[in-house]
Amino acid sequence: MIIETSIGAKLLRCPDYGDGSELWAFIPANLLPRLKNNLLAHLDIKTDRVGDEDQAYVDASPAVSDVYFDGAWRTVLLSAEGNGGDSVFCLDITDPLNPRFLWEFADPDLFRSRSSPSVGKIGRILVNGSAKWVAFFVSGGDPRYDRNQDPSVYMLDVATGNVIKRVFLDSEPAGRGGVPSGQPTIIDSDGNGYVDRFYIGTDKGYLYKVNIPDDPDSPKYGFSHCVVNTDFTDSTGAEVGSDWRYQPIYGSPVAVVKNTFTDNGRINYNVKILFGTGDSPYKEDINVAGTRYHFFAYEDIAPKGSIDGSLVSLDWFYELPEGHRVFNSAFAAAGTIYFGTSTANTEDPCEGGGLQANNQGQLFAFDVEQPKDRTQPVLPKFTPVVVGNIVANPVVDDQHIYVKAPGQGMLSIGSGVYNNDVLFGGWPEMRVRVWRELY
């Protein structure tokens, strides 16, 4: 809905976001028998069967996406269950007042997955040669048992919930037992409308790239994958210490596509992948004194379908202050990458109010592109701002940075002016491709 209002002689068109009142609620079928356990726990009634894992939860982050199937565009909501269980579900919310259940998918290897899904369109792949809208979910990890299985990513048909492909990340034996972290970062690297790769990290410290066949007519390559972060010497020769390599990755990587084109129209691929490291936000860690985590920027110039490791290099990195770690994804805007840190070392990174000793997270900003001939270590664009532990991804909008921290609420950092006018800019590039002299 669009609401028109006038201020003086100026007409403003603003979206109507409602008033925040609840329209409806949905409880997955597998959680209905456990609702009584929530009441028992609330009343502090102890039984042998009521524990945290026996209660009904849906505490994974949902995702909303516009997709096309059955001859129409639809808006769908997809979510895993987090601590609630080993299922994911999909609702059609095209009419926000009348949601419609579409499907539910369950698998033991989704164990307590907190991943928010990514949704994109893929080309010809195992499904009668037709393009599909796909949801990408990651496997979970059961800490009660030895994790001997390779981490994996499920590709589910958004229309039906059927598994189109399950990609096992087995290219690195030391990565076995890892739990993928965050949301798969899907990329259409050449802009043809089909996802052709995604990036995902794990708590074992490996960042994977997975190539997806994207040509709807004749795929030129199959599924393949490799570990991206194998280089620890940046473009100036600075090196990450051997003790600080392959530290856990808990936030989704950010990918910035910077392709260029040759005179004959060929693509020079260039994808920048940026992510931070840290210990687990879900448990209290020991022996962390002196540990240093990092923020990395890798450059992938490999063409579509390639897993040539020599074409991925470490562009730059930044060593975080002692005690700081990155739990969340960064945010890229206008050539700048923003990310937040946390100093929490408890089972709940959200606990604490005010700027206590364990709530001293900072907000950082860096230029995505660093000069290749720099002689000094890479430095932030401005002095890092102490805002408290950043427990959600920062967002940049309307010339402000928005962050959320325990005890601080939602903070906006920027100029005092909101609802700024949209700025238009950019110069078109024009050149002669073909010419002919006429008489």
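Trainee: What makes residues count as in contact with phenylalanine 232, leaving aside its neighbours within four places in sequence?

Mentor: Contact means heavy atoms within 4.5 Å. By that test, phenylalanine 232 touches Ala238, Glu239, Val240, Arg245, Tyr246, Phe296, Tyr298 and Leu314. Take phenylalanine 296: it is 64 residues from phenylalanine 232 in sequence, with 9.4 Å from C-alpha to C-alpha. This is a predicted model, where local features need pLDDT of at least 70, side-chain atom pairs count only at pLDDT 80 or more, and totals for chains, interfaces and linings use all residues. Residues are numbered from 1 along each chain as its sequence is written, and side-chain values use heavy atoms, with hydrogens and water left out.

Trainee: Where does phenylalanine 232 lie, and why is it called buried?

Mentor: Phenylalanine 232 sits in the loop between strand S14 (224-227) and strand S15 (254-257). Strands are DSSP runs (E, at least two residues), numbered from the N terminus. Buried means under 20% relative accessible area, exposed over 50%, partly exposed in between (1.4 Å probe, protein chains only). Phenylalanine 232 has 5%, so it is buried.

Trainee: Why is the pair of arginine 197 and aspartate 300 called a salt bridge?

Mentor: A salt bridge needs a side-chain nitrogen of Lys or Arg within 4 Å of a carboxyl oxygen of Asp or Glu. For arginine 197 and aspartate 300 the N to O distance is 3.5 Å, and the pair qualifies. Arginine 197 lies in strand S12 and aspartate 300 in strand S19, so the bridge ties together parts 103 residues apart in sequence. Salt bridges with shared partners join Asp196, Arg197, Lys209 and Asp300 into one network.

Trainee: Are arginine 197 and aspartate 300 buried or exposed?

Mentor: Arginine 197 has a relative accessible area of 0%, so it is buried. Aspartate 300 is also at 0%, and therefore buried.

Trainee: What joins the side chains of arginine 197 and tyrosine 199?

Mentor: A polar contact of 3.0 Å. The term asks for a pair of N or O atoms within 3.5 Å; within protein, one must be able to donate a hydrogen and the other to accept it, and residues adjacent in sequence count only if both atoms are side-chain atoms.

Trainee: How many salt bridges does the whole structure hold?

Mentor: The search finds 17. One of them pairs aspartate 150 with arginine 176, the closest N and O atoms being 3.5 Å apart. Aspartate 150 is in the loop between S8 and S9, arginine 176 in the loop between S10 and S11, 26 residues apart.

Trainee: Why do aspartate 150 and arginine 176 get their accessibility labels?

Mentor: Aspartate 150 has 14%, so it is buried. Arginine 176 has 44%, so it counts as partly exposed.

Trainee: How do you know that aspartate 190 and lysine 304 meet in a salt bridge?

Mentor: Their N to O distance is 2.8 Å, which passes the test. Aspartate 190 is in the loop between S11 and S12 and lysine 304 in the loop between S19 and S20, so parts 114 residues apart in sequence are tied together. Aspartate 190 has 24% relative accessible area, so it is partly exposed. Lysine 304, at 22%, is therefore partly exposed.

How values were computed: Helices (H or I, at least four residues) and strands (E, at least two) are DSSP runs, numbered from the N terminus.
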